[in-house]
Amino acid sequence: MSVSNLLENWSKFRHTHPVDDKGIPDWEAYPSDIKWAMSIDLDACTGCNACSVACYAENNLPVVGKDKYSHGQAMHWMRVERYWDEGDNGFQAEQGARFLPMMCQQCEAAPCETVCPVGATNHTEDGLNSQIYNRCIGSRYCSANCPYKVRYFNWYNYPEQENAWPAPLNQQLNPDLTVRTKGVMEKCTFCKQRTYTARNNAKTEGRPVQDSDVQTACQEACPAGAITFGNLHNPESQVAKQWQSQQVDLIKDIQEKDEKEGNRLRGYRVLEELRPYPSVMYLERVRESAV
Amino acid sequence: MGKDIREDIAWAQINKDVLKSLESPRKLYWVIIFVALLVFSVGVGCEIYQYNTGMGVANMDNPHVWGLYIASFIFWIGMSHSGTLLSAILHLMHADWRKPIYRFAEAMTTFSLLTAGLFVAVHLGRLWQVYYALPYPSERWIWPNFQSPLLWDAMAIFTYLSSSILFLYIGSIPDLAICRDNIHQGWRKKLYTLLALGWEGTDRQWRNFRVTYLTIACFLIPLAVSVHSIVASDFAMSQQPGWHVTSFPPYFVAGALYSGCAAIITLFIILRYVFRFEEYMTLPILKKTVRLTFAIAMVWTYLNCIEFASVWYSHDQVAKDVLIQKATGTYAPFWWAMIFCGSVVPFAMMVKKWQTNIPVMFAVSLLLNLGMWLERWMIVAPTFSHGYYPWTWDHDQWPSLIQWGIVFGSFGWFTLLFMVFCKIVPSVSMYEVKEMVYHRSQARKKEERAVQEELAVKGAH
Amino acid sequence: MTENDFSRRDFLKVLGWGGTAVALSGCGNTSIQDGQETVTSYVTLPSYVTPSISNYFNSTCAQCDAGCNIMGRVREGRVLKAEGNPNSPINRGRMCGLGLSGVQAHYNPDRVREPLLRTGDKGETITWDKALGLINEKLNGTKGTEIAFVTGGMSGHVQALLGNYMDELGSKNHFSYEAISPAVLRAANKKAYGESMPRYRIDKARVVVSFGADFLGAWVSPVHFSQQYAQFRKGSRPEGRGVLVQIEPKMTLTGANADRWIAVRPGTEGVLALGIINALGKAGLSIPADIAAVSHEYTTERTSKETDVSAEQIEKLAALLKERTPSLVLAGGAAEGYAHGSQNAAAIALLNRVLGNVGKTLEASASVPFPQIAPTVGSRSSLIALNDGLAAGKYKVVFSYGVNPVFSAPASMKFKDNFAKADFKVAFAQYMDETALAADLILPLDSAMEDWATVVPEYMAAPEGAGSNAYAQMSFRQPMMEKVFPDTRGVGDILLALLKQRTADKYKEFEDFYSYLRSAVLKNKVALGGKAGDDDEVFWNETLSKGIVPLKGIAGSVSAKASAAGLKLPVPTDADPSYPLRLIPAVSASMRDGRNANEPWLQESPDPLTTIVWDSWVEINPKTAAKLGIVEGDIVEVTSKSGSIKTQAYLFPGIHPDAVSVPVGYGHEAMGRYARGVGANVFGMLDSVFDKETGELALNETSVKISKTGQRVIIVKEEGPVGGSQAGKPKIAVQVSADKVDLSKEV
Amino acid sequence: MSKRYLLALYNNFDEAEAVVRELRNSEIKGFNAADDLVVKSPIEHPEVEEFLGEKSVKVQWFTLGGALTGGLLAFSLIAGSQAGFYSQMKGGKPIVPIPPDLVLTYEMFILGGVYITVLGFLICAGLPAKRSPLYSAKVSEDQIGILVKGDDGSMAKLREIFTRHKALEIQEEAGR
């Protein structure tokens with residue numbers, strides 16, 4: 001606690017991210033030059049669930065079993081949603097199904113962060129929502145306020161009481177991150193353990209982080225390569241190029257796309273209008289009309 | 001209609017009657033204590049199981065992370081409002097009929113706040129780490145998140161609880177002194193001696209007492225309003241459809257007063273019988289309370305309609321969907337039951353004959369409370385089951401028996417605390433009833449004198 | 001604090017084991033199971049191990065037959081995760097959910113840990129010496145013709161060793177069985193293009209018309225085809241964004257990704273293919289005379305009537321195919337699982353010839369120059385042969401490895417009873433599955449992450465560039481860590497031990513399968529890409545570390561020789577009124593034939609289309625369901641002539657109203673805690689109808705009726721109460737018409 | 001000089017008032033009506049204040065001080081701790097956001113006010129206290145007590161006044 005600190009740096013403490021009150025980008029709020037972001041091409045996504053399984057493998061997600069699944073207590077950080085076209089007679093299947101991999105959107109102005117009573121979920125300097133398991137007391141307010149409902153609560157003590165990894169399955173657990181006990185919230189971290197290593201390695205080598213340094217587990221697995229991940233602040237990264245070419249701007253809640261070309265682009269963000277400034281851009285699924 | 005408090009009742013009689021309640025209530029008292037203990041132990045059993053196994057046994061799920069615990073939390077917070085808030089308002093307005101009933105109403109406040117606090121504990125996934133929410137200085141300079149409405153809640157409730165306890169306590173000091181003077185043995189003597197702080201009723205004490213009591217009452221009114229506004233902020237400050245409603249704070253405050261008044265009626269009737277307070281908790285007082293409750297019921301109904309209307313006429317399709325879901329979806333029976341209990345049943349209180357009919361009012365007050373409990377559930381649950389994201393909709397979430405058990409147990413806990421309190425601290429304020437009787441008889445005398453003078457003037461002619 | 005307790009304790013354990021496990025990897029019979037090995041300090045770790053930094057070992061996935069090349073991520077002596085090998089032409093660094101779950105097969109708590117001998121109804125644990133001795137004893141005096149060995153598809157040096165063993169036994173009864181096999185496809189391809197597995201170039205096609213080939217899900221080499229598909233969908237490709245049309249009665253994952261999914265009446269795929277040819281002719285494409293002679297009968301009206309596909313749709317499709325070339329037409333399981341399956345496949349193959357795709361999007365493949373290690377592909381017809389032999393009492397000793405016929409044979413074959421007729425049955429098993437339970441001796445196998453093997457994929461994907469037409473590859477499967485259970489053995493080791501029983505002299509130089517494999521590889525150093533002068537040790541290590549051995553293969557050739565001669569498609573008849581619906585056993589990407597059912601990630605990972613977990617279900621078209629009065633969650637009885645199952649009904653828009661579909665792979669009665677009792681086994685109720693040409697079991701030829709049992713459950717699934725509806729929300733999963741977007745400039 | 005105490009009980013306020021008036025007007029040596037006179041009553045009675053004369057109450061100053069301290073303390077502590085915790089931003093909000101801090105400031109304002117008021121009450125009313133030696137339980141029931149303190153010499157006079165006004169009971173006690 002430091003009142004002198006407060007008075008000296010008052011203007012600094014009034015920075016907001018990603019935009020200030022007038023809608024002007026306020027990057028000074030960021031102490032780092034990294035902003036992790038993702039883009040997912042729904043036209044390439046086949047809905048095969050490999051990303052989801054990869055997430056189980058990478059992030060020590062417990063298998064909850066049929067009974068708990070039936071109570072909606074599944075722990076898949078990455079869920080693949082399947083939608084149908086809707087017609088007069090119910091669902092139409094003539095153009096297939098639509099798949100949407102949905103995980104934490106790592107919002108810039110995340111609704112979950114402000115409501116946590118203990119500050120267990122915060123914005124990191126590389127633009128993620130962090131979730132501090134040790135700090136979490138399980139009020140579940142973050143999940144209540146998440147518009148995407150991508151936060152998953154440990155309703156049970158999976159590692160111990162529920163024996164989610166009966167020996168020797170427990171030897172598969174990734175030692176780069178912890179298993180979570182009952183009563184804490186968890187969610188997609190954009191494979192924090194991987195991005196963190198990548199940042200450190202790049203720092204050691206004295207260079208900025210590149211695309212080749214890090215892949216998230218889902219991106220790495222995706223058989224169709226639908227997922228792109230990288231540093232949005234690095235104009236050389238694939239993800240930055242995609243966002244730019246799709247005219248999707250992180251700091252806008254309504255994308256002002258170029259009038260002529262813009263409506264022929266397919267980048268969008270889910271529930272953007274709620275102004276959480278999500279870090280995941282989706283590319284619309286395309287369907288041929290000629291057949 | 002029954003008689004009001006006799007003005008010529010001897011003050012010593014008041015002491016005697018009230019002190020008797022500390023010693024020999026009706027048998028029903030023990031029945032209530034026993035049942036409450038039983039109900040409470042059911043809740044305790046459920047909580048032990050839930051604590052050991054995990055929150056999953058409550059049958060909450062991932063979109064539906066809050067359940068009856070939060071609903072009951074709001075309910076109990078709401079219930080707390082009438083006691084202290086009404087007591088303070090009526091005190092400022094010099095409404096003397098408050099005097100025989102305010103003590104138990106304030107006790108109700110305190111204990112329902114304690115019950116609400118119980119739900120915080122029950123709700124948390126990691127109760128054992130709850131101290132993280134306290135702003136204690138730590139080596140790492142980690143603080144709770146002061147932006148979270150839950151933290152405001154904690155702060156507001158702490159303030160409210162401690163202020164209410166102080167208000168209740170300060171107001172009881174003269175009565176505790178009476179107890180001290182009249183009970184001469186055992187732990188009670190020691191307790192009353194300790195609590196009475198050596199009160200002697202000197203002019204200096206009374207003088208400071210009056211100002212203090214008035215000041216706290218003044219603080220309590222905005223505080224109580226802020227408390228339930230902040231509880232409403234838990235919802236209104238969120239981004240969820242059905243919660244993000246501007247009118248929530250006044251709506252919550254009205255709902256709180258409403259359920260509190262209903263609870264006062266319920267407890268009024270119970271205490272009146274159990275402790276043989278027929279002389280003090282008179283039917284005219286009941287009638288006044290009932291009328292007040294009716295007025296608040298109408299305010300609540302109005303605010304309810306405002307909420308629906310503002311959703312209905314807005315362009316927020318998502319919020320509209322939630323409203324439609326409430327009225328037609330799986331929660332519809334409960335939602336309509338809430339409307340019925342909250343907005344239709346109170347009309348029974350318009351019937352003059354029923355206003356002082358104890359069985360009818362008892363039933364009505366219970367129904368009102370049920371309606372208000374349902375209201376809280378209908379605020380919490382449908383938004384989870386029908387939020388922004390259709391994929392995660394979950395219309396069939398039904399609380400498990402464990403969850404119901406804990407909610408059930410909380411009523412036992414409240415009753416237990418309340419009934420034990422009433423057996424230790426006089427639940428009718430003796431000194432204030434004396435004041436009331438005194439002032440009324442003074443007023444009567446004045447009136448009579450005026451009449452006599454008038455007669456004398458007439459006679460002189 | 002409890003939460004820390006768990007991770008820290010385990011973490012320390014792992015650190016303790018780490019050094020030894022890595023150092024001893026691959027030799028001896030130690031394991032990490034009991035954790036009693038000497039704790040090795042970090043000081044004495046092998047030079048390539050840095051605590052907390054992962055090592056990657058290249059290997060080959062064993063979860064299905066595609067043979068994807070993987071890298072095992074190993075930390076402190078434990079394999080944690082399988083990741084794709086980026087140098088692989090097959091999966092190019094990618095993985096599917098099934099492949100990722102391989103670690104759960106490895107660490108599975110239900111693995112068989114010791115050799116077990118059945119005595120009566122009981123099993124007893126015996127030593128390996130005793131077990132092998134027992135086999136020797138039983139084989140002595142048994143004629144070669146009385147010995148049978150049933151395996152799945154095989155390849156590589158294990159297969160070579162097995163071949164040697166069978167030769168030593170004097171037996172020719174090696175049955176290669178796959179429950180779900182593209183056997184009809186192979187035969188039809190051979191006939192139509194001259195090669196059973198040509199390379200498909202989805203990435204080069206502008207239009208792909210797939211008759212039930214679930215190439216994104218479970219068909220042949222799905223991860224590879226997913227890569228191609230990603231290319232195919234790129235608008236920035238010179239050919240522009242490709243168009244996928246899927247024709248099948250039950251929507252597969254590929255169907256779900258199609259631009260147009262056409263629900264064809266089950267079994268009339270061939271008719272539709274000919275109808276399209278006819279329409280193409282009408283549209284002005286020149287049709288070779290021999291084909292036209294057959295196809296002209298299939299007027300659009302007739303085709304439409306028989307196939308239940310609208311005339312307009314057929315014409316649109318023909319117009320698209322004519323306009324956008326090259327295209328690629330695929331035939332898959334849904335079109336081939338009939339008595340006339342080969343005919344269907346042949347008719348579909350005609351389309352590729354008519355459209356001139358052969359040689360453009362259908363390329364010649366290459367095969368490995370060593371026939372002993374070339375893949376032996378499995379089929380169901382070989383199971384039929386085995387079953388007939390067993391029924392006739394021909395086989396006294398039966399070995400089974402890597403297959404579970406007791407589970408996956410139709411009940412009407414009475415395989416279980418026939419299997420019991422053999423005197424001595426030996427199962428090489430990783431789980432106590434249904435077949436292992438029926439065996440007399442169970443030999444516990446190493447997992448694919450503990451064992452040595454070489455793998456030659458059947459579908460030979462090739463990298464881009466020169467020489468790709470002669471590209472073939474062999475890949476290594478190598479242990480990534482110490483054995484999890486000490487008493488399991490690799491199949492190569494077991495076969496070697498058995499061979500030594502027969503002819504000790506020939507194999508005495510090989511201490512174990514590892515040394516056999518090493519010497520076999522070093523012997524062919526030059527053919528495997530080395531130079532004659534290379535140091536053996538260096539060559540071996542380098543080859544192993546790459547995991548993939550590119551070979552100069554024998555280039556094949558494809559030709560457009562598909563002919564309509566002899567093509568005869570049956571006229572669809574009205575359904576039998578007592579069994580009005582066609583049952584389509586669905587093969588899902590994760591469950592396949594059920595061999596991986598005990599891997600919990602696969603059970604918990606929702607079926608992509610229905611989002612159901614942990615159970616089987618029957619998909620019914622909402623119209624049919626309405627007629628039958630069935631709602632979602634009704635437990636229905638699906639009855640065929642040969643059997644019945646009870647399962648939950650799921651109303652599914654992606655299925656033809658005349659068909660119902662039940663996923664295969666569920667309904668295990670044994671195997672382990674995650675598989676047992678989950679769902680119902682649809683294999684059991686299939687009718688014994690066979691493809692007339694190949695003799696392959698016709699999977700889709702079973703007709704069923706459906707009746708309600710009166711029970712109803714809430715289906716455990718990922719989707720919510722509104723199903724796949726977006727409830728009018730504007731921008732969740734957005735779809736846009738191709739003419740409304742400009743994909744050419746996308747990055 | 002030793003002081004003695006005298007307590008007289010009366011039936012009602014009118015009688016007590018008369019006694020007090022007389023005591024205030026009397027000039028008895030060794031007895032100062034302003035300091036040495038205490039009225040004990042079972043209820044809070046504004047008339048008592050009237051006939052005892054205005055005496056200032058200082059509790060409200062405590063209230064003011066408490067409320068202001070509470071509010072100021074709240075804002076400075078909260079904003080200060082947020083500023084010390086600046087590495088963790090929240091949901092697009094500034095590190096030191098004003099509206100939430102004001103909510104808490106408001107609560108602390110009231111909390112400080114109430115607590116310090118109660119403290120002030122205890123101090124001003126002299127509580128907790130040992131009971132004075134001359135105390136009758138009747139005072140908490142229905143009688144008015146008048147307690148006086150005076151020199152030995154004044155006792156007789158005081159007693160006489162009490163008796164004249166028909167005191168129900170008179171107790172005498174030596175000084176402490």
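**Chains in contact: a walk through the model**

In this structure, 72 residues of chain A are in contact with 87 residues of chain C, where contact requires that the C-beta atoms of two residues, placed from the backbone, lie within 7 Å. The model is a predicted one, in which local features need pLDDT of at least 70, side-chain atom pairs count only at pLDDT 80 or more, and totals for chains, interfaces and linings use all residues. Residues are numbered from 1 along each chain as its sequence is written, while chains are lettered from A and ligands numbered from 1 in the order in which they are written.

Several elements of chain A supply at least two residues each to the side that touches chain C, including helix 4 (65–70), strand 5 (98–102) and strand 13 (285–287). Helices (H or I, at least four residues) and strands (E, at least two) are DSSP runs, numbered from the N terminus. The greatest contribution to this side of chain A comes from helix 3, with seven residues. By type, the side consists of 34 nonpolar, 19 polar and 19 charged residues; Ala, Val, Leu, Ile, Met, Phe, Trp, Tyr, Cys and Pro count as nonpolar, Asp, Glu, Lys and Arg as charged, and the others, Gly among them, as polar.

Strand 13 of chain A also pairs across the boundary: three bridges join it to strand 28 (residues 735–737) of chain C, and the two run parallel. Two strands pair if DSSP finds at least two bridges between them. Within this pairing, A:Arg285 has C:Gln735 as its bridge partner. Of the five pairs of chains in contact, chains A and C share the most contacts.

Inside chain C, strand 23 (residues 617–620) is covered on both faces, with C:Trp617 and C:Glu619 buried on one side and C:Val618 and C:Ile620 buried on the other. A residue is buried if 20 or more other C-beta atoms lie within 10 Å of its own, exposed if 12 or fewer, and partly exposed in between, with C-beta atoms placed from the backbone. Strand 23 of chain C pairs with strand 25 (residues 644–651) in the parallel sense over four bridges, and with strand 26 (residues 659–663) in the antiparallel sense over two bridges. C:Glu619 takes part in both pairings: it stands opposite C:Tyr650 in strand 25, and its bridge partner in strand 26 is C:Ser661.

Chain B contains 15 helices and zero strands. Its radius of gyration, taken over C-alpha atoms, is 24 Å, close to the 23 Å that the globule rule (2.2 Å times the number of residues to the power 0.38) gives for 461 residues, so chain B is as compact as a globular protein of that length. Buried residues make up 55% of chain B. Among the buried residues of helix 10 (residues 317–328) of chain B are B:Val318, B:Asp321 and B:Leu323. Their cover includes helix 9 (283–313), helix 11 (332–344) and helix 13 (358–385) of chain B.

Chain D meets chain B through 51 of its residues, which are in contact with 47 residues of chain B. Helix 5 of chain D gives the most to this side, with 14 residues. The residues of chain D on this side divide into 28 nonpolar, eleven polar and twelve charged. Chain D does not touch chain C, and their nearest C-alpha atoms are 22 Å apart.
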